[in-house]
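Reader: I have a model open in my viewer and would like to walk through it with you. Could you show it here, so that we can go over it together?

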Amino acid sequence: MKLWSKRLIFAVAAMTVAWLTGIGFAMSGTSPNVPVTQPSDVQAPAHASGQVVVPGTAVPIAAAAAYQQAAGRAAQTPAPAGRAGQAGGGTAAPARGTTPPVSRVPAGQQASDQVFKNIQVLKGIPVDEFMGTMGVFTTSLSLCCGNCHTGAGTSNPKWEDDPPRKKTARAMITMVNNINRQNFQGRQVVTCWTCHRGQLSPSVTTPLDFAYGDAVIVPPDLLPRATSGGPTLDQVFSNYIQAVGGQANVDKLTSYVAHGKSLLFGEVGAGNPAEIYAKNDGHVTTIVHQQEGDVVRAFDGMTGWWQIPLTVTPQYQLNSTLADGARFDAIMAFPWKIRSFFTNWRVSYPQSIEGQDMDVVQGNLPPRPGEATGMIGTLYFDSKTHLLRRYIRYANTMVGRIPTQVDYSDYKPVNGVQLPFKYSYAWVSERDDWTFDKYDVNVPIEAAKFGKPDIKTAGDVTGRKPQ
Ligand code: HEC
Ligand code: HEC
């Protein structure tokens, strides 16, 4: 039952960002011609009545249709250009008609198969992407590390051992890559999530409640541009800057240290002391002082590092699209500066979070060599208050994208700027909920705070491998 209650929470969370394409259908009284072609990662059950209804909000019927068209398959997941090791096993056959494989591990950094002992499929990738794939597994199948790895969560983990489920997972990676290569020109349209959706054994038969009940449409990662209605990009950003305190006030905020507590998801208790250090030239570091050691995410304007105590790699540098994500996070510490991050912003169709309508804007970076899409970032602004409610950014792995989601609430003015006093940070391996007591603004912060974390703060790292 525990698993089910967890799944339910997940479904509800997913629903809050669900595409709300339907009420317009119901109200229009006509039977719309819903195109059969769906973007790969959108569920759109065919309703007998032709209605796709999700409670809460309405997206005009024209928007729904435009969304269906705009979110065509090719736009969602292009084929990678000569990506190394995309196939399972050492087979690494590049996608048809592509250039020779490109190494995605920067010079001087070690690849997954150099760092770990028993890598047969996920070879030649940066360590941060490798650990991200493990997170994609856990979220796609609702598993813990220990469900595939002998002794994970104990003081004596044997990560390199091959228990049966881990072997199955390895075979699945190869299977998924073959499906994509043989059927979809190497585009990553099938991922672990495509089939598993949080279950060990993917469901086989459509439940009729699903077919005839309320639809939950999960938006695609790459959102289409809205073709009518809604605010313009200029309006979204200028409304936001106005709401947050005005350009003059935000320009005066050059740095801050936010002090508070962070509660690890699922944990009971008062939480751990936590801080955010941020400078408005692209530097940010978040630190949670856990009993076992400090959890640190640091970005010094050029390079990002993660430190996670008790893990097999207690520290590592970010070298994949997660590194672009760290740069994005650093600018998002001063969100009014984010506009120059992307050159291809688009305003998409409205979505709803916890019943509130959101204006949604998205951009993405050009792909890194050998990849199909660059890092994607999506911002959700409350349509009424115009404050930033959420952002989600996506990084690539060989088995699917890693979402990182930051939610803001409880805004209060600090030096004339509305700053969030609640902040939640979630990605595939962790979610932490922060409550801030105070912001110290425009204070000097020593450069070292943003650099590679001091390994001494990572707790006991005996037998582990800082990268
Ligand atoms: C669904 C099963 C599954 C889950 C869940 C899973 N892993 Fe893995 N893990 C694998 C597979 C498969 C490999 C081997 C990949 C290969 O051969 O290329 C692996 C390899 C590893 C390795 C490399 C071990 C070595 O030295 O060879 C580490 C470290 C690791 N996983 C950590 C984790 C962590 C941490 C978690 C939880 C966040 C996790 N894994 C969750 C399947 C899983
Ligand atoms: C095309 C659909 C599909 C995709 C994509 C897929 N799987 Fe599976 N997977 C299945 C099915 C079906 C089963 C159950 C097979 C059975 O019952 O014998 C399964 C079973 C498994 C199991 C064994 C579960 C258990 O009961 O112990 C693991 C582990 C697993 N998959 C991991 C993965 C991983 C990791 C990925 C992504 C790399 C993935 N799967 C992608 C269809 C899929």
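Author: Gladly! One term before we start: a residue counts as near a molecule if its C-beta atom, placed from the backbone, lies within 6 Å of it. Please keep in mind that this is a predicted model.

Reader: Thanks! Which residues come nearest to ligand 1?

Author: With that cut-off of 6 Å, 25 residues lie around ligand 1. By class, this shell has 13 nonpolar, seven polar and five charged residues. Those that come nearest are Phe116, Asn118, Met134, Cys145 and Cys148.

Reader: Which helix gives the most to the shell around ligand 1?

Author: Two helices, H6 and H7, each supply at least two residues of that shell. The one that gives the most, with five residues, is H6.

Reader: And which element provides the largest share of the shell around ligand 2?

Author: Ligand 2 is surrounded by 17 residues, the closest being Ala169, Met172, Cys192, Cys195 and Leu200. Two or more residues each come from helix H6 (127-141), helix H7 (164-183) and helix H8 (192-196). The largest share, six residues, comes from H7.

Reader: How many charged residues are in the shell around ligand 2?

Author: Sorting that shell by class gives 12 nonpolar and four polar residues. What remains is the charged class, and its count is one.

Reader: Let's turn to the strands. Is Trp305 in strand E5 buried or exposed?

Author: Strand E5 covers residues 304-307, and both of its faces are covered. Gly304 and Trp306 lie on one side, with Trp305 and Gln307 on the other. For all four, Trp305 included, the answer is buried.

Reader: Which residue of E6 is the bridge partner of Trp306?

Author: E5 has strand E4 (residues 293-299) as an antiparallel partner, joined by four bridges, and there Val296 pairs with Gln307. Three bridges join E5 to strand E6 (residues 315-317), again running antiparallel. In E6, the bridge partner of Trp306 is Tyr316.

Reader: Which residue in the turn between E4 and E5 has a positive phi?

Author: E4 and E5 form a hairpin, with four residues between them. In that turn, the residue with a positive phi, about 100°, is Gly301.

Reader: Finally, which residues touch the most other members of the largest nonpolar core?

Author: That core has 83 residues. The three that touch the most other members are Tyr240, Val284 and Phe381.

Note on methods: Residues are numbered from 1 along each chain as its sequence is written. Chains are lettered from A and ligands numbered from 1 in the order in which they are written. This is a predicted model: local features need pLDDT of at least 70, side-chain atom pairs count only at pLDDT 80 or more; totals for chains, interfaces and linings use all residues. A nonpolar core is a set of buried Ala, Val, Leu, Ile, Met, Phe, Trp, Tyr and Cys residues joined through C-beta atoms within 7 Å. A residue is buried if 20 or more other C-beta atoms lie within 10 Å of its own, exposed if 12 or fewer, and partly exposed in between; C-beta atoms are placed from the backbone. Ala, Val, Leu, Ile, Met, Phe, Trp, Tyr, Cys and Pro count as nonpolar, Asp, Glu, Lys and Arg as charged, and the others, Gly among them, as polar. Two strands pair if DSSP finds at least two bridges between them.
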